[in-house]
Amino acid sequence: MSVRLKLTLSYTGFLMLAGVLLLAAVWLFLLRYVPERALIVPGSTGTSTHGVFPIRSNLLHVFAPRAAAVLAFLLVFSAVGGWILAGRMLGPLTRITGATRLASTGSLSHRIRLPGRKDEFRELADAFDTMLARLEAHVAEQQRFAANASHELRTPLAISKALLDVARTDPNCDTGEVIDRLHAVNTRAIDLTEALLLLSRAEQRSFVREHVDLSLMAEEATETLLPLAEKHGVTIETCGDITPTIGSQALLLQLTTNLVHNAIVHNLPAQGTVWVNTSVRPKTAVLTVENTGEQLTPELVSTLTEPFQRGTERIRTDHAGVGLGLAIVKTITHAHGGTLALTPRSAGGIRVTVELPATRRNPNRSHRGTQASASRR
């Protein structure tokens with residue numbers, strides 16, 4: 001049976017039960033006190049009083065057919081009324097079911113937009129609309145990502161094919177130069193593939209969680225990228241306290257390295273500065289990376305975490321990267337239950353703030369305080 005029929009039968013059953021109970025109450029509290037024989041009033045003429053004082057048999061003879069008629073009317077009325085009321089009550093559910101069928105066919109742009117007062121059906125419809133909106137945005141993002149990834153992977157393959165064709169058709173070409181260019185193109189393709197694998201791993205959250213100190217991650221990333229900073233003439237200033245959190249040490253190191261790397265590469269042509277700071281708030285561990293650079297608009301900054309968004313107007317041509325640095329940072333941050341905020345600096349450059357859930361400090365570790373070599377060049 002359909003839900004509508006079940007509700008109709010439920011309404012009918014309850015209404016019939018109420019009618020039977022009402023008639024039973026009339027019998028228990030009224031009719032049973034009516035005498036079974038006619039009463040003779042002393043001093044009367046002794047004539048029959050049936051017409052004046054009805055006895056129980058007469059009342060039952062009159063009451064029973066009318067009670068049966070009332071019950072029959074209640075049966076029909078409750079069945080018809082219950083069917084109509086059930087249809088009206090289940091109307092929103094029918095619209096939600098239709099939207100679900102459309103979504104199952106791939107139509108994610110449809111919305112229910114259920115009108116009326118806010119009740120359980122309205123909340124369900126609104127929640128379903130919100131889910132569809134997020135799902136549509138996620139699918140669109142995945143489609144853009146797949147298209148961009150295909151394009152990025154196709155480019156080095158096409159370059160390699162062109163170099164090999166040139167080497168095959170031109171016997172006088174410089175083989176060493178071709179090998180060097182093939183090596184550079186192959187290295188870029190490997191870097192892109194590894195970045196895609198890292199991004200997928202972070203999205204799946206398939207990593208072991210352990211206690212991590214963000215200040216140590218910042219120190220290690222800074223030491224690793226110090227030669228790159230010296231190459232670009234960038235000063236790195238680091239400071240901070242012990243900043244405990246929980247997560248994957250490898251992924252959090254990758255997050256910090258990407259931020260410091262971007263801050264070095266996307267900087268002033270000369271005499272740029274990068275500030276790396278770690279701090280602890282009541283419930284969060286905070287990593288902040290700032291750098292000098294050109295003036296950036298909030299609109300441009302808001303798009304930098306999208307995959308393959310390199311900010312081409314401010315990129316160094318000698319170190320373009322694969323366009324997944326901040327996308328990986330965003331994914332790793334969300335996988336650890338944190339938040340990522342990008343803010344343009346008024347003096348130029350950008351400030352990136354990562355907040356992760358904080359944990360209690362390890363009592364076996366001493367307070368590190370501000371790093372002794374706070375400025376490196």
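Me: Axes are lines fitted to C-alpha atoms, for helices over the stretch in contact, and angles between N-to-C directions run from 0 to 180 degrees. At what angle do α5 and α6 pack?

Reply: Heads up, this is a predicted model: local features need pLDDT of at least 70 and side-chain atom pairs pLDDT 80 or more, while totals for chains, interfaces and linings use all residues. Residues are numbered from 1 along each chain as its sequence is written, and side-chain values use heavy atoms, leaving out hydrogens and water. Now look at helix α5 (residues 214-232) beside α6: their axes are 9 Å apart, and the angle is about 35°.

Me: How many helices and strands does the chain have?

Reply: Helices are DSSP runs of H or I with at least four residues, strands are runs of E with at least two, and both are numbered from the N terminus. Counted that way, the chain comes to 8 helices and 8 strands.

Me: What is the handedness of the crossing of α6 and α8?

Reply: Helix α8 (residues 325-335) packs on α6 at about 145°, with the axes 9 Å apart. A crossing is left-handed if the near helix is turned anticlockwise from the far one by less than a right angle, and right-handed if clockwise. α5 passes α6 right-handed, but for α6 and α8 the crossing is left-handed.

Me: How many charged residues are in the contact of α6 with α8?

Reply: Contact means heavy atoms within 4.5 Å, and residues including Leu255 and Leu259 in α6 meet residues of α8, among them Ile328 and Ile332. Ala, Val, Leu, Ile, Met, Phe, Trp, Tyr, Cys and Pro count as nonpolar, Asp, Glu, Lys and Arg as charged, and the others, Gly among them, as polar. The contact has 8 nonpolar and 5 polar residues, and the number of charged ones is: none.

Me: Is Leu252 buried or exposed?

Reply: Leu252 is found in helix α6, and beyond its neighbours within four places in sequence, its contacts include Val212, Leu214, Ile332 and Leu356. Buried means under 20% relative accessible area, exposed over 50%, and partly exposed in between (1.4 Å probe, protein chains only). With a relative accessible area of 0%, Leu252 is buried.

Me: What is the phi of Gln271 near?

Reply: Most residues other than glycine have a negative phi. Gln271 lies in the loop between α6 and β4, and is exposed at 64% relative accessibility. Its phi is positive, near 55°.
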